[in-house]
Amino acid sequence: MEDVKGINITSSSNTLNINGDITVISSVNSAFGLNIDNGGNNNNVINMTGNISTISTGGATAMHGIRIGPNSSTNTVNVTGNVSTTGANSSGILIIEGGDNNNITLNGNINTSGGSNANGIRITGQNSSNFAINNNITVNGDISTVSSHAIEIAQDAHDSYIVVNGNVQSTNNAGIRMTTDSVNNIVTVNGNISTSATSANPTITFNAGASDNLVVINGNVTQLANKPAIKFGANGADTSHDNTVSVSGNITSAGTGIRFNNSDNNEIFVSGNI
């Protein structure tokens, strides 16, 4: 399909069963692969066997693979296939601005090769009065990004769960990033997590306002750039507190292994070498 969304749902309580691929080629922004649109579009169920690809031409941006829009809740998406995106600000899976209780399961890999904010997975709330709460994403496969964080839980996202049964890799940014009042989220990676020598961020990072989050890595953490492998806190006061990281493998870094920066009451458990 060209210059339009692949699947676009603007209502509630629909069931879709799809056997085949979704490919969107667009020079127009916001041509998503599979989209449950903004505002009160709830209780939809999508079961799909096939790949989802969005291909940006002419600089088109925001071409997310799977997107659940603002304030859309209690939707279920099951995809057996891979998700790939090429444009800037084009996440593989995005739950944005206040959607609650959504469940996404992907039996396949996520690969994003676009510019900034082309995350593998991203969950975000809207503001301090409209959180994104209790969203669940499971990926049975690998996540690879070029220019953006592989997994990001951002502004006012609370009580969400991400499980990756595979490896997580980012070329130029963080593997996992928690930021801006993200609270009480759990990310589990049953595999290795790594960032390359060109990375501008720690492999796992907790930025301003991230608190009471848990990250479990059942594998190794590798940072090839001169950055920390794991970092708690940003510059300035009152940044990230009460977070926990558990690593069952080794931590390797060309910079610092673990850094605590202006942050209190964080815990880390490492079963391997640093």
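Are F206 and F232 buried or exposed? I opened the notebook with this point and found that F206 is buried, and that F232 is buried as well. I note at the outset that I am reading a predicted model.

**Entry 1, the aromatic rings.** I looked up the aromatic pairs and found two of them. In one, F206 and F232 are stacked, with 5.0 Å from centre to centre and 5° between the planes. I then checked where these residues sit, and this pair links distant parts of the chain, since F206 belongs to strand β24 (residues 204-206) and F232 to strand β27 (residues 230-232), 26 residues apart. I turned next to F232 and F260, whose ring centres are 4.8 Å apart and whose planes meet at 5°, so I recorded this pair as stacked too. Because F232 lies in strand β27 and F260 in strand β30 (residues 258-260), the pair ties together parts that are 28 residues apart in sequence. I looked up accessibility as well: F232 has a relative accessible area of 0% and is buried, whereas F260, at 43%, counts as partly exposed.

I found three salt bridges in the structure. R67 forms one with D37, and the closest N and O atoms are 3.7 Å apart. This pair links distant parts of the chain, with R67 in strand β7 (residues 66-68) and D37 in the loop between β4 (34-36) and β5 (45-49), 30 residues apart. I noted R67 as buried, because its relative accessible area of 8% is under 20%.

I then followed E152, which forms a salt bridge with R122, the closest N and O atoms being 3.0 Å apart. R122 lies in strand β13 (residues 121-124) and E152 in strand β17 (residues 151-153), so the pair ties together parts 30 residues apart in sequence. R122 is partly exposed at 21% relative accessible area, while E152 is buried at 3%. E152 also forms a salt bridge with R177, where the closest N and O atoms are 2.4 Å apart. That pair links strand β17 to strand β21 (residues 176-178), which holds R177, 25 residues away from E152. I recorded both E152 and R177 as buried, and I noted that shared partners join R122, E152 and R177 into one network.

Leaving aside residues up to four places away in sequence, I104 touches I66, I68, V77, I93, I95, N136, I137 and T138.

Key. Residues are numbered from 1 along each chain as its sequence is written. This is a predicted model: local features need pLDDT of at least 70, side-chain atom pairs count only at pLDDT 80 or more; totals for chains, interfaces and linings use all residues. Side-chain values use heavy atoms; hydrogens and water are left out. Contact means heavy atoms within 4.5 Å. Rings of Phe, Tyr and Trp (its six-membered ring) pair if their centres lie within 6.5 Å; planes under 30 degrees apart count as stacked, over 60 as edge-to-face and the rest as tilted. Helices (H or I, at least four residues) and strands (E, at least two) are DSSP runs, numbered from the N terminus. Buried means under 20% relative accessible area, exposed over 50%, partly exposed in between (1.4 Å probe, protein chains only). A salt bridge is a side-chain nitrogen of Lys or Arg within 4 Å of a carboxyl oxygen of Asp or Glu.
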